[in-house]
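Please read the following account with the structure open beside it. It moves from the protein as a whole to its sheets and then to single residues.

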Amino acid sequence: MTDLTLANATILPLGEDAPRRIERGWLRIEGDRIAALGDGPAPEGGPVEDLGGRLVTPALVDCHTHLVYGGSRAREFEMRLEGADYEEIARAGGGILSTVTATRAASEDDLVASALPRLDCLLAEGAGTIEVKSGYGLTVEDELKMLRAARRLGRERPVRIVTSWLAAHALPPEYKGRAEAYIDEIAIAGLRAAHAEGLVDAVDGFCEGIAFSVPQMARIFDVADELGLPVKLHAEQLSHLGGSQLVAARGGLSADHVEHADAADAAALARAGAAAVLLPGAFYTLRETQMPPVAAFREAGTAMALATDCNPGTSPLTSLLLTMNMAATLFRLTPDECLRGVTANGARALGLTDCGRLAPGLRADLAVWDIAEPAELTYRIGFNPLHARYFEGCKC
Ligand SMILES: O=C(O)CC[C@@H]1NC(=O)NC1=O
Ligand SMILES: [Fe+3]
């Protein structure tokens, strides 16, 4: 059991009603929780570690990843460089389906082994909570295999893994022209099996012309609601179908990508308390030109989260710090918005209230940085100033 006070630190609590910054502050850890924090001299009693003015933030939250998958899409990367766009590749049977073949062929052990190096990259930059989706198996057993592998990552490393069911990611060849049957026999039947095995924390889908429609996603969300599972959605990534409005109407956790969302979507998400998850890695990789409506999100008060969207096709990115830099440079988010995007708002996009902020009673998942100026985290490109990471109160 940890009993430790971190002293002489520059603390960013990142809570809505918390001080913006505590200079020369202290934070007391008891067990796996934050017991107290404040400014001035640290309270007497117990071991103290002087941080020499270093910056302390919540451990980072990556609220949108496809971290578990088989194979690689480097060849497709070349195709894009030869001029094919994402939808052309998808319609030519490439894209997601080529990763499906590799994932179906991989064992659960193979999936864990190939995901661990990607996970270690995120942990090395101070991540403490990571969401992992299914979506490359597209049979009940292969989707369950993916989520079992995801759960194992949380046992193999000091990290909290949150899972999402994403069977509605693509229509496999054996269901070509039979989307409704796929939804019934795989997406819904598999969701029930995953829930029964304790493998799923939220339900997601790819709502897009090359994937699933709003009514089709609504059918899956009906079952999520019956099972008491929250929902989220890949929405308005390549077009405007109304996925964000569906998330808002269902009281969902987040609408993700949202490049093609509009002011009405921003207002609906804000009213529903749902986050907009911006994914600059996919925007950058696809050389997208449609910017997400950041001004509308600001105007509406929609919480903006950021995530790597780590996936082999459109965002082979395993750096939240680079994600922050991309969001600032490409989407014009401020460094403060970027840091909130991978902490408090990332937690919000996952429906988590016990992390992503520093306050008494919350998890002692912390990142200590060898910098004093928070903007350095967003400003630097390819620089990792992590000094130490605490997970459940333990330095790791
Ligand atoms: O190409 C892949 O493997 C996943 C792409 C990823 N999935 C999705 O729904 N949108 C994306 O950009
Ligand atoms: Fe994604």
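This is a predicted model: local features need pLDDT of at least 70, side-chain atom pairs count only at pLDDT 80 or more; totals for chains, interfaces and linings use all residues.

Residues are numbered from 1 along each chain as its sequence is written, chains are lettered from A and ligands numbered from 1 in the order in which they are written, and side-chain values use heavy atoms, with hydrogens and water left out.

The protein has 15 helices and 17 strands, these being DSSP runs numbered from the N terminus, with helices (H or I) of at least four residues and strands (E) of at least two. Its radius of gyration is 21 Å, which agrees with the value near 21 Å that a compact globule of 396 residues would have; that radius is taken over C-alpha atoms, and the globule rule is 2.2 Å times the number of residues to the power 0.38. Along the principal axes, the C-alpha atoms fill a box of roughly 70 × 40 × 40 Å.

Of the 396 residues, 60% count as buried, where buried means under 20% relative accessible area, exposed means over 50%, and partly exposed lies in between, with a 1.4 Å probe and protein chains only. The accessible surface comes to about 14,600 Å², of which 52% belongs to carbon and sulfur atoms; such areas come from the Shrake-Rupley method with a 1.4 Å probe, and for residues only the protein chains shown count as cover. Among contacts (heavy atoms within 4.5 Å) between residues at least 6 apart in sequence, 71% join residues at least 24 apart.

Turning to the strands, two of them pair if DSSP finds at least two bridges between them. One open sheet has 4 strands in the order S6-S7-S8-S9, with parallel pairing. Strands S6 (60–62) and S9 (202–203) stand at its edges with a single partner strand each, so one side of each is left without a neighbour in the sheet. Strand S8 (residues 160–165) runs parallel to S9 and is joined to S9 by 2 bridges, and Ser 164 stands opposite Ala 202 in S9.

Another open sheet has 5 strands, in the order S10-S11-S12-S13-S14, and its pairing is parallel. Here the edge strands are S10 (206–207) and S14 (304–306), each of which pairs on one side only. Strand S13 (residues 275–278) is joined to S14 by 3 bridges, the two running parallel, and the bridge partner of Ala 276 in S14 is Met 304.

Most residues other than glycine have a negative phi. Leu 14, although not a glycine, has a positive phi of about 65 degrees; Leu 14 lies in the loop between strand S1 (3–11) and strand S2 (22–30) and is buried, with a relative accessible area of 4%. Arg 287 is not a glycine either and has a positive phi of about 55 degrees, but its place is in the loop between helix H10 (280–285) and helix H11 (294–300), where Arg 287 is exposed with a relative accessible area of 71%.

Finally, Tyr 390 belongs to strand S16 (residues 386–391) and is buried, with a relative accessible area of 2%. Leaving aside neighbours within four places in sequence, the contacts of Tyr 390 include Leu 4, Leu 6, Ile 29, Ala 364 and Cys 396. Met 146, by contrast, is 244 residues from Tyr 390 in sequence and 27 Å away in space, C-alpha to C-alpha.
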